[in-house]
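Hi,

Here is the structure I said I would pass on. Have a look at it first, then read my notes below with the model open beside them.

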2 protein chains.
Amino acid sequence: VRFHYLSGPDARIDVDDRGLAYGDGLFETMAIRGGTIRRLDLHLQRLERGGDRLRLPLPERRELAIRIDAEIAGISEGLLKLVITRGPGPRGYAPPAAPEPVVILTATPQLPPRQLELRAVMLAQRLGENEKMAGIKHLCRLEQVLAQLELAQYDADEGILLSTSGHIVGGTSRNLFAVYGQSIVTPRVSRAGIAGVMRRCVLEQCERLGIAAEEADLAPGDLVAADELFMTNALVGIQSVAQLDGRVYGSRARATQLRAAIEAIEHV
Amino acid sequence: VRFHYLSGPDARIDVDDRGLAYGDGLFETMAIRGGTIRRLDLHLQRLERGGDRLRLPLPERRELAIRIDAEIAGISEGLLKLVITRGPGPRGYAPPAAPEPVVILTATPQLPPRQLELRAVMLAQRLGENEKMAGIKHLCRLEQVLAQLELAQYDADEGILLSTSGHIVGGTSRNLFAVYGQSIVTPRVSRAGIAGVMRRCVLEQCERLGIAAEEADLAPGDLVAADELFMTNALVGIQSVAQLDGRVYGSRARATQLRAAIEAIEHV
């Protein structure tokens, strides 16, 4: 397979690229800290799951790592966006037999501001369910764009979405965790949503720390009943939900504990 | 609103365009016959419904018509693809307050071959449901790409898809009609699927010809029970389903009648 690499914000892509035409591709947005990509392995693992699901060939990990290193050279703190599309193709949804994927790397020497608390609202829009597309980070993100348009009506930081079958999925760009006494629950991402890198990291830390954590179906009432809510995202880490639709959540205990545990690992 | 126009297959687009990043845009693929766009009004009406739904500003119809005329000049038969994206934007799903949409026009002097019959299969993949995204022709089409990957396993021309709630939606790139005696039914497109231009044209012809036609929910068993099935697409027109998963459909009566009625109008 022949891959085409593009680099930097001024790069341009053919208008017949299937990433533009059909959202036929994947992406990752990764934090750069201390001059290296945080949790690169987890990002690449998710990328590979996406490649398997879409039958989209990916570069070897070693090749990708070399390209990434070159792109982030000289950047101490920031973010790196990686997009991989199935490349140009003839008209029609059927993928070409021998695709030439396009890999786009864009580094930005700036991270989003650190914010430890969020005000959240439940959104009315529901997310469609598709087992083949759930969990992976593909380029078809109009649902999230529409959710942001809905969220803009409120004085809030994040919106929480249900799937069409009425299960909590998470935020527009964050996974959600609910704390009940000593245990933690996060929505499954097998029918909708994204399997976040920080979500996985939190689940791993729970296991290491002996905190009971499970993936399950959650209904809106389950959030009202929670002792504590927090959300996760690879760039901003763990953020406590201070309020949801006006209900105030006082506890920050698990969020604080897990944030400290993850930061301790990062600084090793 | 400032629009940026790109033209021709060699045009290139910024990698931070939201059409590539998030599928944040719309498209139309239109038939050129006799040097003019067939059913341009219906295409532009659907585009405008999409613009309303996504709150994506569109150029004035008159401006778009002038650009389209310039793009198809000298082409007697072919197709024109129009893509409109929300243009470049900063990172994040939230649309910019003042987007500068990008309009891409690409004409090809060739139409798909005329084929009056299709062999179809039912596909296993189900389409997610989202009322905000159903009906319009947005750029998030990975479900159709995955459906084509599934279809490639079969010796068939088209695959028929169910929504997650078990209703027939249509083909990967065609709407579906089922004939029962004197009446015709086509699946609703209010929760999944695209409101096809040729679909609308067929419904209008049914009304003109006094044929009972309605949009309704259809289950797989309803297709087995049908006297005749046909599919529609703006580029290839009306095509009879000769067989579906091996069941042979003998009747071509309604498909033939409606095709003749539509061709008669086109040649006025």
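Let's start where the chains meet: 56 residues of chain A are in contact with 56 residues of chain B. Keep in mind throughout that this is a predicted model. Together the two chains bury about 4600 Å² between them, and carbon and sulfur atoms give 66% of that area.

Next, go to B:R18, which is in helix α1 (residues 18-22) of chain B. Is B:R18 buried or exposed? B:R18 is buried, because its relative accessible area is 1% and the cut-off for buried is under 20%. Leaving out residues up to four places away in sequence, B:R18 touches A:V145 from the other chain, plus a set of chain B residues including B:D24, B:R86, B:Y93 and B:P96. With B:D24, the side chain of B:R18 forms a salt bridge (2.8 Å, N to O). B:D24 is buried too, with a relative accessible area of 0%.

The side chains of B:R46 and B:E28 meet at 2.6 Å, N to O, in a salt bridge. B:R46 lies in helix α2 and B:E28 in strand β3 of chain B, so this pair ties together parts that are 18 residues apart in sequence. Both B:R46 and B:E28 are buried.

The other one is between B:R174 and B:E158, with the closest N and O atoms 3.0 Å apart. B:R174 sits in the loop between β9 (168-171) and β10 (175-180) of chain B, while B:E158 is in strand β8 (residues 158-163), so the pair links distant parts of the chain, 16 residues apart. B:R174 and B:E158 are both buried. Over in chain A, salt bridges that share partners join A:R18, A:D24 and A:R86 into one network. Over all chains, the salt bridge count comes to 32.

Now the strands of chain B. Five of them form an open sheet in the order β1-β6-β5-β3-β4, with mixed pairing. β1 (4-7) and β4 (36-37) stand at the edges with a single partner strand each, so one side of each has no neighbour in the sheet. Inside that order, β5 (residues 78-85) and β6 (residues 102-108) run antiparallel and are joined by seven bridges. To see one spot in this pairing, find B:L79, which stands opposite B:T108 in β6 of chain B. Helix α2 (residues 40-54) lies across β3 (25-33), β4 and β5 of chain B, running at about 180 degrees to β3.

Further along chain B, strands β11 (residues 183-187) and β12 (residues 212-216) run parallel, with five bridges between them. The bridge partner of B:T186 in β12 is B:E215. Which hand does the unit made by β11, helix α5 (residues 197-209) and β12 of chain B have? This β-α-β unit is right-handed.

Notes
Residues are numbered from 1 along each chain as its sequence is written. Chains are lettered from A and ligands numbered from 1 in the order in which they are written. This is a predicted model: local features need pLDDT of at least 70, side-chain atom pairs count only at pLDDT 80 or more; totals for chains, interfaces and linings use all residues. Side-chain values use heavy atoms; hydrogens and water are left out. Two strands pair if DSSP finds at least two bridges between them. Helices (H or I, at least four residues) and strands (E, at least two) are DSSP runs, numbered from the N terminus. A crossover is right-handed if, with the strands pointing away from the viewer, the path from the first strand over the helix to the second runs clockwise. Contact means heavy atoms within 4.5 Å. Axes are lines fitted to C-alpha atoms, for helices over the stretch in contact, and angles run from 0 to 180 degrees between N-to-C directions. Buried means under 20% relative accessible area, exposed over 50%, partly exposed in between (1.4 Å probe, protein chains only). Buried area is the accessible area (1.4 Å probe) that two parts lose on being put together, summed over both. A salt bridge is a side-chain nitrogen of Lys or Arg within 4 Å of a carboxyl oxygen of Asp or Glu.
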